[in-house]
Amino acid sequence: MSAGRQQVSLALVVGALGVVFGDIGTSPIYTLQTVFNPADPHPVPVSTGNVYGVVSLVFWSVMIIVTVTYVLLAMRADNDGEGGIMALITLLKRLGARSGSTNAEPRRARPGVGGSRGRVAAVLAGLGIFGAALFFGDSMITPAISVLSAVEGLKVVQPSLGELVVPITAVIIVVLFLVQRRGTATVGRMFGPVMILWFVTIGASGVAGIARHPSILKALSPTYAVGFLAGHFGIAFFSLAAVVLAVTGAEALYADMGHFGRRSITRAWLFLVFPACVLSYFGQGALVLDDPSNISSPFFLLVPDWGRLPLVLLATAATVIASQAVITGAYSVASQAAQLGYLPRLRVAHTSESQIGQIYVPWINWTLMVSVLTLVFAFRSSAALAFAFGMAVTGTIAITTLMFFYIARRKWHTPRWLLAAGASVLLLVDLLFFAANLTKLIHGAWLPLLIGITAFTVLTTWQRGRAIVTAERRRQEGSLREFIEQLRSDPSLTRQVPGTAVFLNRGKETAPLALRANVKHNHVRHEHVVIMSLETQPVPRVPVEERITVDDLGYADDGIIHVTVRFGYMDTPDVPSTLRLLDPSRTEGDTDLDRASYFLSKIQLRRGDSPTMAPWRKRLFIATSYITADAAEHFGLPRDRTVIMGSHIDV
């Protein structure tokens, strides 16, 4: 049994290496080169002291942000195994709900405390949504800069190949997005061994570089990083905008936690990824100390001439995998956002029978592909994109840190003094990076901010519009119990026909529009009527025994029942399969669920005159509704037994 668990653990570690660590694992290709780039608006002069300071700054930035903030702290704040900023938002909403309920408790009543805590949780959740929106920006920029930076290695091998960089990059990106449908597990199995070879290679080349100047290892001391910041703050502060490239991909580690688990990701990071990246950074630093002209491409120049073309090919494969890390993270964030009501219902394909968190979201996939290709053709070089890279990352990291410490206090009751000490250090680091990236705003940092603001607007507009539509729909549907009383008091309203009808509805307080339309226009009702409401719980999975609740709605002899079905946000909402879990004794007669007809209400949205939202937000909400996945397919309904009845609502 132990051997089996070890095999599973090893498989997950290899899979995690192939999916999760591509982004952060390829940062050594361009980080130091970007820091000392003479074309930078605020260049760092190449000198012995600056090289020591920058290498030390890179090492301690990775240590503090990735190892401490994410691997050791944030990844402990999981939502039943799921990670990422959306998981933190879910935890915050739970805490906010509890705060609201604690106001009624008599013990040690403190007026307004629960309400203020609820408001703080709501504000932090709003920040979290903005962080998720920034992550979408990161998901677009990472594939573009990563693959471009690797293919640009061709210019080191043969300068005349420079014109082929953009076309080759575009082809690689198209192929990458085309294979996504095969699923994370398949991609991970293909990419895992490649990434193992990658980390071994960059670690070995780093050792060769360190051998030239072993004194570079002195940069392991934080005194060099602190001395660089304190003694040359004018230079060091601006360098942070490039140093942050070393930690890009940290959020992907957290967002992909549901795919491979915290332990697999932690082991892969501590025992292979982190040491390999550190050796590469220190080796590049030693190479620059040996000859400052090597700063033109220190990563590729670490290896001898004969090894550069193979390294370019391996780097290209690794940067493709880097793109995989954020693409997979974007799937997870988008799926969770849809389940929590911030996006329309999206078509989500679960690609693994053993790991329920492994998913593929076609709409997100193709949107990302078009966006990435647009960036490649617009910027045409990794150096140009480097100015844009980092803003989204630093914003997401700072928001994640803030949310984590709030959850640590509220959920785990961590002592305030300990939180104050930890939060002050980590947030100071995060905000320094964020402030440094603001200085690149006019040079390209506006791009991820624009993407983030756009995504945030879509997310919040959908949430607001959905609330408006739900309220109007509830008004039109009317009370379910009053509707049933009306049917009982006046049997002439309908003629009963044999069979079972299943009506999907939003709750048990209102009557389904399709049921009302059937009675109003067809004057019939089925012998057995099942009104089903589906609830998405803020947990990844709901146990089968807790999934179904049956209510006879006050009468046990009329053949009408209400069934509440609870799914986790990572469960597949298969309605027919779920109905088979019903206890026959609770269905009021011989309910033939295997041949039941399913009724759906299709709502057509129209822009109304009510001042519910700004006109432009109404148009945005209606436009966003067009990407909603087909309800029959989403809920697994049989096409030949599904009836769709239309209605309209003015927004």
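Helices here are DSSP runs of H or I with at least four residues, strands are DSSP runs of E with at least two, and both are numbered from the N terminus. You are looking at a predicted model, in which local features need pLDDT of at least 70, side-chain atom pairs count only at pLDDT 80 or more, and totals for chains, interfaces and linings use all residues. Residues are numbered from 1 along each chain as its sequence is written, and side-chain values use heavy atoms, with hydrogens and water left out.

Is Arg-380 buried, partly exposed or exposed? With 48% relative accessibility, Arg-380 counts as partly exposed. In these terms, buried means under 20% relative accessible area, exposed means over 50%, and partly exposed is in between (1.4 Å probe, protein chains only).

Now select His-413, in the loop between α19 (391-412) and α20 (416-438). His-413 also is not a glycine, yet it has a positive phi of about 55°. Its relative accessible area is 58%, so His-413 is exposed.

**Two buried loop residues**

Next, go to Ala-219, which you will find in the loop between α9 (184-212) and α10 (222-231). Ala-219 has a relative accessible area of 0%, so this residue is buried. Which residues does Ala-219 touch, not counting residues up to four places away in sequence? Show Tyr-52, Val-55, Ser-56, Trp-60, Tyr-224 and Phe-282 to see these contacts; a contact means heavy atoms within 4.5 Å.

Then select Ser-297, in the loop between α14 (262-290) and α15 (298-301). Ser-297 counts as buried because its relative accessibility is 8%. Leaving aside residues up to four places away in sequence, Ser-297 touches Gln-33 and Val-156.

Move to helix α16 (residues 305-339) and pick out Ala-317. At 30% relative accessibility, Ala-317 is partly exposed. The C-alpha atom of Ala-317 is separated by 23 Å from that of Val-244, a residue 73 places away along the chain.

Now colour helix α25 (residues 615-625), where Lys-618, Phe-621, Ile-622, Thr-624 and Ser-625 are buried. These residues cover an arc of only 160° around the axis, so they are on the same side of α25; the arc is that of the directions from the helix axis to the C-beta atoms.

**Zoom out**

Finally, show the whole protein chain, with its 26 helices and eight strands. Its C-alpha trace spans about 95 × 60 × 60 Å along the principal axes. Of the 651 residues, 56% are buried. Among contacts between residues at least 6 apart in sequence, 84% join residues at least 24 apart.
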